[in-house]
Amino acid sequence: MINSPYLIDWLTLRLPLEKIQDEALSRRVRECLNTLHCADSDGCLVWSKQVLDVDALRSDSSGLFWQLQSDGKRQYLVIGGSPASIQWGVNVFGELEIQHCASVLIREASRELASVLPPFDRWQCRRVDITGNYALPDAASVKQALRQLSISEGGRRKASNDHRGGDSVYWNPSSDLTKGKAYHKGPQLRRLVRMGKLELAPSLLDLADRLLRFEHTRGARWFRRLQEAGKCWYDLTCQELIGFFTDFFGRLVDGVEVKDMERYELVKKIQAENDCTEAQAEAAFATYRNIRADGFDIAKGFISRATWYRHLGMLRKVGISDAELVSGNVVQFRAVRVVLAQAVGSWDELRRAA
C-alpha cells in the first residue's frame, strides 16, 4: 500500500448495460432494478434490499455495493464502495490514485458477479470522496476541534452538527455537486467493532481516537459537468484531487486550533508524584483534559465515582486543586493548529505525531 496522507474513501462507478457482453450477467442485473446488493471481502452476497440510490450509503459502509439504475433512457450497472476497505479490510489509510481505486472496485465486482467486467475507461464516475486524516493529541482535542468547526462558516457553507452524538460536522450535506464532512474516526471504528463488522487491535483503536478526519465529496452533478466539458474522470491526478480537498476546506479550517498542554511533561510529573504506571498517569491526564474541555460537572458524569476521585487525588499531588479546576485557573494551554497540509498517511506516522 502507498502511504499517502490522503485517500479515496469512496468511489461510485456506473456502466451502461449495453456494454456488458455477458448475456447471463445482463439478464441477472436487469432483474434487480433498484435493489441494492452488498458483497463482503470474499465476494459473497451479504444482503439485498430495496434502495433507490447506492450513494445514499455512508462512506464507512463495509463491502462492495451494486445495483441496476435507470435514468429513463438507459440502464446502468452501478458499483460503489471504499477501495481501502475492500483492499485492506479497514478504511483508515489508503491510496489516492483514482485509476487504481477504480480497478479495485471493478475487480471486486467481477468476482461477486462471476463475470469479467470492462476496464475503468469504459465506466462513468458519479462520486468520489477525498479524505485526509489529522492527528491531534487526544480524543478530547478532536471533540474540541469539532465544536469549533460546528460554528464555523465559509462562503455559502454552513456547518451542521450530527444529531446522533456530535462526532460529525457536515457542510452542504444534501448537495450532489460538492459537500464536506469532518468527524471523529475513533468512535466510528469502535462502533463497527461492536457491531461485528470490523476487527481491529485495541492499540489501533486507541490511536484512531486521536484522528480528526475531513472528507470532501464530488458528486454526480460535478461529474456530469466534467463530462460535458470533454474531460475524463480517470485522468484526474492526485494533485488535482488534493486541490479539490484543500479548496473546499481551506477557508473552513484556516484558523481552527485546539489547545494542547505540555502533555509529556505533565504525564511524567503525575507518574512520578503518584508512583503509578504511565497508563494510569495518562488516564488521570485524560480526566484533566476532559475537565478543561467540558467543565468540571460534565466530565464527572463520564467516569465512575471511584475513578473520578482517584484521578482528582493524583492531580492534587502535582499541585492542581479542585478549586483551580472549577475556576479554570490551571496550567496554561498552548495552541495547536489544524493544518491541511499536515495529514498523516499511516499508523506509524500517527504514532509519531502529536
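**Helices that pack**

Guide: Let us start with a pair of helices: H10 and H12 pack at an angle of about 95 degrees, with their axes 9 Å apart. Helices (H or I, at least four residues) and strands (E, at least two) are DSSP runs, numbered from the N terminus. Axes are lines fitted to C-alpha atoms, for helices over the stretch in contact, and angles run from 0 to 180 degrees between N-to-C directions.

Visitor: What should I know about where this model and its numbers come from?

Guide: This is a predicted model, in which local features need pLDDT of at least 70, side-chain atom pairs count only at pLDDT 80 or more, and totals for chains, interfaces and linings use all residues. Residues are numbered from 1 along each chain as its sequence is written, and side-chain values use heavy atoms, with hydrogens and water left out.

Visitor: How are H10 and H12 oriented to each other, roughly parallel or roughly perpendicular?

Guide: Angles under 35 degrees count as roughly parallel, over 145 as roughly antiparallel, 65 to 115 as roughly perpendicular and the rest as oblique. H10 and H12 are therefore roughly perpendicular to each other.

Visitor: Which residues in H10 meet which residues in H12?

Guide: Contact means heavy atoms within 4.5 Å. On the H10 side you find Gln 280, Ala 281, Ala 283, Ala 284, Thr 287, Tyr 288 and Ile 291, and they meet Trp 308, His 311, Leu 312, Met 314 and Leu 315 in H12. Sorted by class, this contact of H10 with H12 has nine nonpolar, three polar and no charged residues. For these classes, Ala, Val, Leu, Ile, Met, Phe, Trp, Tyr, Cys and Pro count as nonpolar, Asp, Glu, Lys and Arg as charged, and the others, Gly among them, as polar.

Visitor: At what angle do H4 and H10 pack?

Guide: Helix H4 (residues 139–150) and helix H10 (residues 278–294) pack at about 15 degrees, and their axes are 10 Å apart. That makes H4 roughly parallel to H10. The crossing of H4 past H10 is left-handed, meaning that the near helix is turned anticlockwise from the far one by less than a right angle (right-handed if clockwise). In H4, Ala 140, Ser 141, Gln 144 and Arg 147 meet Arg 289, Asn 290, Ala 293 and Asp 294 in H10. The residues of this contact of H4 with H10 are two nonpolar, three polar and three charged.

**Loops and burial**

Visitor: Is Trp 233 buried or exposed?

Guide: Buried means under 20% relative accessible area, exposed over 50%, and partly exposed in between (1.4 Å probe, protein chains only). Trp 233 has 7% relative accessibility, so it counts as buried. Look for Trp 233 in the loop between helix H7 (220–228) and helix H8 (238–253). Leaving aside neighbours within four places in sequence, the contacts of Trp 233 include Leu 13, Ile 98, Phe 120 and Cys 125. Trp 233 and Cys 125 are 108 residues apart in sequence, and their C-alpha atoms are 6.5 Å apart in space.

Visitor: Where is Val 318 placed?

Guide: Val 318 sits in the loop between helix H12 (305–316) and helix H13 (322–327). With 10% relative accessibility, Val 318 counts as buried. Not counting residues up to four places away in sequence, Val 318 touches Leu 266, Lys 269, Ile 270 and Glu 273. Val 318 and Leu 266 are 52 residues apart along the chain, with 8.5 Å between their C-alpha atoms.

Visitor: And is Gln 21 buried or exposed?

Guide: Gln 21 counts as exposed, at 66% relative accessibility. Gln 21 belongs to the loop between strand E1 (6–16) and helix H1 (23–30).

Visitor: How many helices and strands does the protein chain have?

Guide: The protein chain has 14 helices and 13 strands. Of its 354 residues, 52% count as buried.
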